[in-house]
Amino acid sequence: MRFELIDHLTKVYFGQDADILFGETGAEIMASYRESSTPAELAALRAEIADYRGSHDDLEAAFARDFERDYLPEDFGRTAAEFFDRVLAAVQ
């Protein structure tokens, strides 16, 4: 899969048991993600998000088709663009 890091983030960290495993808010989930990732992995995620955004004219439709988010914390937005913006802010 071309976008493996985004897939991992959405399936594992924002998956069904996210609130039990990583935190109840998006900020808590991303703090857990940062703690378990190397600087190179965080940079790779930033690059992958930029690539994904640049590869899709209809980001919302593509994101809904390509990635599941079972857990949608309020602080991480309702749109794909908001989600990516918050993820990027969290991994800077």
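**Briefing: core, salt bridges and a charged patch**

D17 is partly exposed, at 38% relative accessibility; the classes are buried under 20% relative accessible area, exposed over 50%, and partly exposed in between (1.4 Å probe, protein chains only). The model is predicted: local features need pLDDT of at least 70, side-chain atom pairs count only at pLDDT 80 or more, and totals for chains, interfaces and linings use all residues. Residues are numbered from 1 along each chain as its sequence is written, and side-chain values use heavy atoms, with hydrogens and water left out.

**Negative patch and loops**

- D17 sits in the loop between α1 (4-13) and α2 (18-21); helices (H or I, at least four residues) are DSSP runs numbered from the N terminus.
- Together with D19, E24, E28, E68, D70, E74 and D75, D17 forms a negative surface patch.
- Patch residues have over 30% relative accessible area and no salt bridge, and like charges are joined within 9 Å.
- Asp and Glu count as negative, and the place of the charge is taken as CG of Asp or CD of Glu.
- T25 is in the loop between α2 and α3 and is partly exposed at 29% relative accessibility.
- T25 and L45 are 20 residues apart in sequence and 20 Å apart in space, C-alpha to C-alpha.

**Nonpolar core**

- The largest nonpolar core has 27 residues, and I6, L9, M30 and Y52 have the most contacts inside it.
- Two or more residues of this core come from each of α1, α3 (26-35), α4 (39-55), α5 (59-66) and α6 (80-90).
- The most is given by α6, with six residues.
- Such a core is a set of buried Ala, Val, Leu, Ile, Met, Phe, Trp, Tyr and Cys residues joined through side-chain atoms within 4.5 Å.

**Salt bridges**

- The whole structure holds four salt bridges, each a side-chain nitrogen of Lys or Arg within 4 Å of a carboxyl oxygen of Asp or Glu.
- R2 pairs with D51 at 2.8 Å, N to O; R2 lies in the segment before α1 and D51 in helix α4, so the pair ties together parts 49 residues apart in sequence.
- R2 is exposed at 54%, while D51 is partly exposed at 33%.
- R53 and D85 form a salt bridge at 2.6 Å, N to O; this pair links helix α4 to helix α6, parts that are 32 residues apart in sequence.
- R53 is partly exposed at 27%, and D85 is partly exposed at 42%.
- K11 and D7 form a salt bridge with the closest N and O atoms 3.4 Å apart; both residues lie in helix α1, four residues apart, about one turn of the helix.
- K11 is exposed at 52%, whereas D7 is buried at 14%.

Notes:
Patch = residues over 30% accessible without salt bridge, like charges linked within 9 Å, V, L, I, M, F, W, Y side chains within 5 Å. Areas by Shrake-Rupley, 256 points an atom, 1.4 Å probe, with all protein chains shown as cover.
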